[in-house]
Amino acid sequence: MNKSLLEVVHESAKDLYAAGLMDEETLRKFDTLCLPSLKG
């Protein structure tokens, strides 16, 4: 598996949001935590 742990967590958060199990505010918190680390 070539994905980092943060990538897996972020993908899972997006899936939970898409399924209606996570609200947009919580998804944005995951974005804030995960995305800067994924870019660098």
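Figure 1. C34 lies in helix 2, which covers residues 24-39. Helices (H or I, at least four residues) and strands (E, at least two) are DSSP runs, numbered from the N terminus. With a relative accessible area of 2%, C34 is buried. Buried means under 20% relative accessible area, exposed over 50% and partly exposed in between, for a 1.4 Å probe and protein chains only. The C-alpha atoms of C34 and D23 are separated by 17 Å, and the two residues are 11 apart along the chain.

Residues are numbered from 1 along each chain as its sequence is written. The model is predicted, so that local features need pLDDT of at least 70 and side-chain atom pairs count only at pLDDT 80 or more, while totals for chains, interfaces and linings use all residues; side-chain values use heavy atoms, with hydrogens and water left out.

**Figure 2. Surroundings of H10.** H10 lies in helix 1, residues 5-18. Apart from its neighbours within four places in sequence, H10 is in contact with F30, D31, C34, L35 and L38. H10 counts as buried because its relative accessibility is 8%.

**Figure 3. Surroundings of A13.** A13 is also found in helix 1. Its relative accessibility is 1%, and therefore A13 counts as buried. Residues up to four places away in sequence aside, A13 touches M22, L27 and F30. Although A13 and L27 are 14 residues apart along the chain, their C-alpha atoms are separated by 6.3 Å.

**Figure 4. Helix 1 and the residue G20.** The 14 residues of helix 1 should span 20 Å at 1.5 Å a residue, and the end C-alpha atoms are 20 Å apart, which agrees. The expected span is 1.5 Å times one less than the number of residues. Helix 1 is followed by G20, which has a positive phi, near 80 degrees.

**Figure 5. Helix 2 and its kink.** Helix 2 has 16 residues and reaches 21 Å from its first C-alpha to its last, close to the 22 Å expected at 1.5 Å a residue. A kink of about 30 degrees lies at T32, shortly before the proline P36; the bend at a residue is the angle between axes fitted to the seven residues ending there and the seven starting there. L27, D31 and C34 are the buried residues of helix 2, and the buried residues of this helix pack against helix 1.

**Figure 6. The chain as a whole.** The chain holds 2 helices and 0 strands. Its C-alpha trace spans about 30 × 20 × 10 Å along the principal axes. Of the 40 residues, 15% count as buried.

Key:
Contact = heavy atoms within 4.5 Å.
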